Amino acid sequence: MDKVEQEVEKVKKEWDDTYNNVVEQIKAIENYGKSETQNKDSLPRLKGLAQDGLALLNSLQFKLDLFAPQLPTDDKVQSAKALLESWKNRSHSLRLSMRNANLQANDNIRKAAQKKRELLLGGGGESTARRRNLQTKAGMTSAAESITESLRRTRQLMVQEVERSAGTLMTFEESTGVLRKAETEYKGHRSLLMRTRNLLSTMQRQDVIDRVIIAVGLFLFTCAVLYVVSKRIGILALQRKVTAAFKAGMVGKELRPGAVGNGVNHAPVYDNALRKAEEPLERLMHDEL
């Protein structure tokens, strides 16, 4: 049995005891004034006790209504709600009985006062002594009733203050639970934020490394392109020189027979020399490629 069930059982027991006490007090109010030997308590005091009992029953009903939704099973919740409805009906019946008892007590008091009036108006020494005795008792009763009524009001105020304090305490407990839940969620989000921050730092470092790698790669690619372009420009210049030399050799062959016939001495052109001059150039071109 958990704590909520224990509190519910405690409320049930207290409600039954209070209900029985209120029933006895209502019976005492109903019988008030019928016999002088039975009137040990004044009528206002009995009414005050009955009213306090009804207020306590209402407080216990409020507690049961508060504890019912917190029970562990649905069957127990439904049983508690049914019991609460039964308590409400019985409390309403007690209020009706209280009203009827007040009316009966007033009727009994009226009849007793009429009987005493008849005795007092009878005359004689016995009537005079009885009148004095009644006056003394009436003064004492009035003072006692005044004190009792003041104490009853004080007690009601104290009960209301206790109920208000209990409600405030329960509100504080609920607020504490909400704050603890919020703290737990904050701790979870804090760890998540720390992990996210670490991931962002790692991504930033990786971004810097990637930028450095890209910059280095771009620099090396640019150097390679410039190297290839420079080499290609040199090869083209070499090809132009070779082509010009080859064309010069062909022109020399065409002019050689005409020059001998005309008696003009031209510089001799040797094919072996041209071939020897072309071989290093071709080898150079092969090395360059």
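## Helices, burial and confidence in a predicted model

In helix α1, the buried residues are Val4, Glu5, Val8, Val11, Trp15, Thr18, Tyr19, Val22, Gln25, Ile26 and Ile29. The model is predicted. Helix α1 covers residues 3-30, 28 residues in total, and its first and last C-alpha atoms lie 41 Å apart. That span is close to the 40 Å expected at 1.5 Å a residue.

The average pLDDT is 76, and 74% of the residues score at least 70. By helix, the mean is highest in α1 and lowest in α5.

| Helix | Mean pLDDT |
|---|---|
| α1 | 86 |
| α5 (residues 271-288) | 46 |

Residues 258-282 form one of them, with 9 contacts in the model beyond near neighbours in sequence. Residues 284-289 form another, with 7 such contacts.

Two residues illustrate opposite surroundings. Asp52 is found in helix α2, which covers residues 43-67. Asp52 counts as buried because its relative accessibility is 9%, under the 20% cut-off. Apart from neighbours within four places in sequence, Asp52 is in contact with Arg152, Arg155 and Gln156.

Phe219 is found in helix α4, residues 125-261. Phe219 counts as exposed because its relative accessibility is 55%, over the 50% cut-off. Together with Val208, Val212, Val216 and Leu220, Phe219 forms a nonpolar surface patch. The accessible area of this patch is about 480 Å².

Methods:
Residues are numbered from 1 along each chain as its sequence is written. This is a predicted model: local features need pLDDT of at least 70, side-chain atom pairs count only at pLDDT 80 or more; totals for chains, interfaces and linings use all residues. Side-chain values use heavy atoms; hydrogens and water are left out. Patches are made of residues with over 30% relative accessible area and no salt bridge: like charges are joined within 9 Å, nonpolar side chains (Val, Leu, Ile, Met, Phe, Trp, Tyr) within 5 Å. Accessible areas come from the Shrake-Rupley method with a 1.4 Å probe; for residues, only the protein chains shown count as cover. A salt bridge is a side-chain nitrogen of Lys or Arg within 4 Å of a carboxyl oxygen of Asp or Glu. Helices (H or I, at least four residues) and strands (E, at least two) are DSSP runs, numbered from the N terminus. Buried means under 20% relative accessible area, exposed over 50%, partly exposed in between (1.4 Å probe, protein chains only). The expected span of a helix is 1.5 Å times one less than its number of residues. pLDDT is the predictor's confidence in each residue, from 0 to 100. Contact means heavy atoms within 4.5 Å.
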